[in-house]
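Please open the model in your viewer and keep the sequence panel beside it. The stops below go from the meeting of two parts to single residues.

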Amino acid sequence: MSSSRDSTHEIFMLECLSLAARGAGHVSPNPLVGCVVVKRGRVIGRGFHRKFGGPHAEVNAIRSVHESVRGATLYVNLEPCHVYGKTPPCTDLIIKSGIAHVVVGMKDPNPLIYGRGIRKLRRAGIRVTVGILERECRTINEFFSRFVTTGLPFVTLKIAQSLDGKIGGSKREWITGRTSRKLVHMLRSRYDAVLVGAGTVVKDNPRLTVRHIRGRNPVRIVLDGKF
């Protein structure tokens, strides 16, 4: 029985993660969050955090419902916030709406939030289950987790190299193929900034924009040791 219930939780949490991913490139420095509202085994509401400063996933999900959410279960990949920021606390809306059960993928790693949103919900009499697909939930928000726990950015090194260890030649030509370049543009759309050395700018004059997919251009940073 427990195994069947856990499997059901995982199915709905996977949908939360799928929704959360749709906010990539638009919500930083906030986390990627998706949410579904389930009643009698049926999804009655969906939402995700669409842009920084906008309503959180839980708010969008509850607002999307066209019937009473009283007694329903809310699934969300990250612990609901309990403090005022650019928007009111999600916990307040959850409590007010009459939701009976909240299933959380992971606790918010932000030291100001960690566990407090969950405790607030439980004090209000709401049942809370934590840790469903926790590894996947941590992975989707690894950028956010690193920043709020260390104050440091999440940095990825990208290098194009030929089989014989070269990163360039006398001729100006592509080392990577179309598939690789499309992947790089996808990564650019999800990061806040892209950094290159001054030598790369002088030699290649790269645009450093997102062109092979639809997405947001990152901030372009040039590192020059002469300044």
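Begin by colouring domain 1 and domain 2 separately, since together they bury about 440 Å² between them, with 53% of that area on carbon and sulfur atoms; buried area here is the accessible area (1.4 Å probe) that two parts lose on being put together, summed over both. Next select Gly-25, Ser-28 and Phe-143, which supply 75% of the area that domain 1 buries against domain 2, more than any other three residues. This is a predicted model, in which local features need pLDDT of at least 70 and side-chain atom pairs count only at pLDDT 80 or more, while totals for chains, interfaces and linings use all residues. Residues are numbered from 1 along each chain as its sequence is written, and side-chain values use heavy atoms, with hydrogens and water left out.

To set the colours, take residues 2-150 as domain 1 and 155-226 as domain 2; these bounds come from an automatic or database domain assignment. The C-alpha centres of the two domains lie 35 Å apart. Where they meet, four residues of domain 1 are in contact with five residues of domain 2, contact meaning heavy atoms within 4.5 Å.

What classes of residue does domain 1 present on the side that touches domain 2? There are two nonpolar, two polar and no charged residues, where Ala, Val, Leu, Ile, Met, Phe, Trp, Tyr, Cys and Pro count as nonpolar, Asp, Glu, Lys and Arg as charged, and the others, Gly among them, as polar. Across this interface there are zero salt bridges, a salt bridge being a side-chain nitrogen of Lys or Arg within 4 Å of a carboxyl oxygen of Asp or Glu.

Now move to Ser-145, which is found in helix 6 (residues 142-150); helices (H or I, at least four residues) and strands (E, at least two) are DSSP runs, numbered from the N terminus. Ser-145 counts as buried because its relative accessibility is 16%, the classes being buried under 20% relative accessible area, exposed over 50% and partly exposed in between (1.4 Å probe, protein chains only). Not counting residues up to four places away in sequence, Ser-145 touches Met-106 and Pro-109.

For a contrasting stop, select Arg-50, in the loop between strand 2 (42-48) and helix 2 (57-63), which counts as exposed at 52% relative accessibility. Leaving aside neighbours within four places in sequence, show His-26, Val-27 and Asn-60, with which Arg-50 is in contact.

Finish at His-185 in helix 7 (residues 178-190), which is buried at 4% relative accessibility. With residues up to four places away in sequence not counted, His-185 touches Thr-209, Val-210, Arg-211, His-212 and Ile-213.
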